[in-house]
Amino acid sequence: MYAALFVALLMVLGLTSTTAAARPDDSGPAAAQTLTWTADNDITKYKSAPTTAVAGATTIVFENSEATGNTTGMPHTLTFDTSDPEYNNDVTLNILANPNDDQGGKHTAEVTLTPGRYRYHCTIPGHGSMQGVLVVTAGGGEDSTAPEASAKVEGTTNADGAYVGSATVAVTATDEGSGVATIEYALGADGAWQPYTAPVVVDQVGTHKIRYRATDKAGNASAEKSADFTVVAPPTDDKTPPETSATVAGEKNDQGQYVGMATVTVTASDTGSGVNKIEYALGDGAWTAYTAPVMVHEAGARKVRYRAADKAGNQAAEKSVEFTVVAPPVEDRTPPETSAKVEGDKDSDGAYLGRAKVTVTATDAGSGLDKVEYSLDGGPYLAYGSPVTVDRVGRHGVAYRASDKAGNTAAAKTVSFTVTEGGGVPSPNCPEYDERLTVFVGTVDTGIPNRVTNNRCRVGELIEDEKEWTSQALFLKHVKGVTDKLLKAGEIDRREYNKINRAAKQSGIGKPGQTEGYRTILDGTQKSFDQWEQVGGGKFGLNADGSITSSTSVEGMGMLWFPKRKYGDFSLKLQWRDDAPGNGNANGGVFARFPQVHDHPEESRPEWVAIKYGHELQINDRPDGDMYKTGSVYGFDRVGLAGAHVTPKGTWNDYEIKVVDQHYSIYRNGVLINEFDNTGGQDFTPPRGDDPGTDGRRYASGYLGLQVHSVSDVVSYRDVRVKEL
């Protein structure tokens, strides 16, 4: 039964058959060794796996069966990575096994291994921790022989064998076993080891030692060796010593003393043979080679002496700098103490009727409070001056923090609560719904905080840039009227007033070709919600605040789609929120440009018509698991976590998907995070056996849908609107 639930998943992954490819072995010698991997119910590691092998013909066995401890029917793969140049990529192996397949979960493949390292892993989403490295040696068992390393010093030498002007040291290493992995070198008797990538040039006059070593892919390190030589200056008539100077920097008190630390920087120049070395000494101490600015922490009167010599042997006269270091005053390193209290009338479920009042308090026994801030529902932090009243129906979170005058900031805390209808002030009737951090006019980001105004609407919600405007003059008049009122009320300043009005002109709204507005297709009413259709597994429910949230009790993967019409070139805007339980993250997405899902000639499951013949624009902020993160075109164009512009979980995110011809653009909170050209001939990755690739997804128009992935991938959507382009 469990395996049946994975049928759809397996087809998505293209893992419905065993694939094992390498050098053709059918006519070669019989396998000299057998390597066995096993798996069980665990999705974080293989139950057993080999770590070493010898090169040559090999039988690979992968068993994921009841006998190995798999009692749930969980599928796993054994896949060799061929994309990372750090590892061998000459064996293509991709075995899918589960206890209920036609082999009972035990599969074999014949391959030929070569010396080096192979990385293997499981490609099932969520099983990414199942991975390891197989080290292959040339033969005769485990490679226990270290590489051979040698060095050659080259350059012009004098009659004494010293190198004139400079010497070049080239290091080489060979390994007959697993192969050379790294070569390292170090300067002098105690210098730090560093990677060797090119011959090392030494031009400082004096005696030198270059140490070197090598490590092979099996981890064997060669014994340290060294090359010793002397560099002398070329013949010169330079009789002038270098010019030297020193500066002292650091934080000073009123007496000119350095607080906590002083940093001494020494410089030297020589127009003749060139500077050979710089030295310094603390007080009457010994001379030390100067390689970086000297930090003096010890309190008291201090002297730093310094000198330099050039390559002709001319020594500059000793100089010194004197200064005083004092201990810093006792620092306030303790952040303020903060707390919050939520007040209001509650119903029997603990929800606040009509409104909730949040009072934040902060105290600081050290340097004193500097500022207290709060953030409503993941919005920007605002200065806290009086209790915050929240009267919008729905689930809310108020984050708060405080900073003291020493710069210590208390960790943000959050109080969460629900406001329900009944009593109090009704929800604000804002012209539009916009909770982005900054004010946008059309696509122009003003950079001005999208703060809540006195009428409880945000600045961006008062500017109606998504409706139909028949001329730009009318739109500019509207924006001026809004900003005039905000300026008069002191809710924006003159600079912000000018920026918003300039952005209105730059937006082009109302000009020919930019008169059409957005049509809302999910506005939070039951009538609007009833125009959508659920197919496949899962379910969405309409909330009191007008959003919809995926079910935590109806199992399966499915889709809520809008069957009323197709869209050609369009801009789709909506808001989504990750509501996954606990510390998890939701996996969801938006489907675009797919054909009619019922009675499809090649796919009987309606939700899979969207999956296979449309594009899924991914929603997934989870730091591990599936490699396709928010903004990805699933299966074709990957966005990593760093490029997904992740926001705190529970935050409403603006999402725009713009499709023109076959070009897709995805925006998150006003920032372009991905672009994709839907050209033909692109394959779905990871491979999926029956997937048509982009050739089967190049429709000029299609339908729109919202994905529900599972009962643990809880995601909410709201305010879905479309503009035809």
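The model is predicted, with local features needing pLDDT of at least 70 and side-chain atom pairs counting only at pLDDT 80 or more, while totals for chains, interfaces and linings use all residues. Residues are numbered from 1 along each chain as its sequence is written, and side-chain values use heavy atoms, with hydrogens and water left out.

- D40 is placed in the loop between β2 (33–38) and β3 (52–54), where strands (E, at least two residues) are DSSP runs numbered from the N terminus.
- Although D40 is buried, it has no salt bridge, and K47, the nearest side chain of opposite charge, is 4.9 Å away.
- Here buried means under 20% relative accessible area, exposed means over 50%, and partly exposed lies in between (1.4 Å probe, protein chains only).
- For charge, Lys and Arg count as positive and Asp and Glu as negative, while His and the chain ends are not counted.
- When its neighbours within four places in sequence are left aside, D40 is in contact with K47, N64, T68, G69, N70 and H76, contact meaning heavy atoms within 4.5 Å.

**Salt bridges**

- The whole structure holds 29 salt bridges, each being a side-chain nitrogen of Lys or Arg within 4 Å of a carboxyl oxygen of Asp or Glu.
- One of them joins the side chains of K45 and D42 at 2.7 Å, N to O; K45 counts as partly exposed at 49% relative accessibility, and D42 counts as partly exposed at 23%.
- Another is formed by E343 and K357, whose closest N and O atoms are 3.9 Å apart.
- This pair links distant parts of the chain, since E343 is in strand β26 (residues 337–343) and K357 is in strand β28 (residues 356–363), 14 residues apart.
- E343 has a relative accessible area of 31% and is therefore partly exposed, and K357 is partly exposed with 36%.
- R688 and D691 also form a salt bridge, with their closest N and O atoms 2.2 Å apart; R688 is buried, with a relative accessible area of 6%, and D691 is buried as well, with 14%.
- A network of salt bridges links E466, K573, D719 and R721.

**Strands and sheets**

- Strands of a sheet pair through backbone hydrogen bonds, either parallel or antiparallel.
- Five strands, in the order β27-β33-β32-β29-β30, make up an open sheet with mixed pairing.
- At the edges of this sheet stand β27 (352–353) and β30 (382–383), each with a single partner strand, so one side of each is left without a neighbour in the sheet.
- Strand β29 (residues 369–376) pairs with strand β32 (residues 394–404) in the antiparallel sense over 7 bridges, where two strands count as paired if DSSP finds at least two bridges between them.
- V372 has A402, in β32, as its bridge partner.
- Strand β25 (residues 319–326) pairs in the parallel sense with strand β19 (residues 258–259) over 2 bridges, and V259 stands opposite V326 in β25.
- Strand β24 (residues 300–310) is joined to β25 by 7 bridges, and these two strands run antiparallel; the bridge partner of V304 in β25 is V321.

Conventions. Helices (H or I, at least four residues) and strands (E, at least two) are DSSP runs, numbered from the N terminus.
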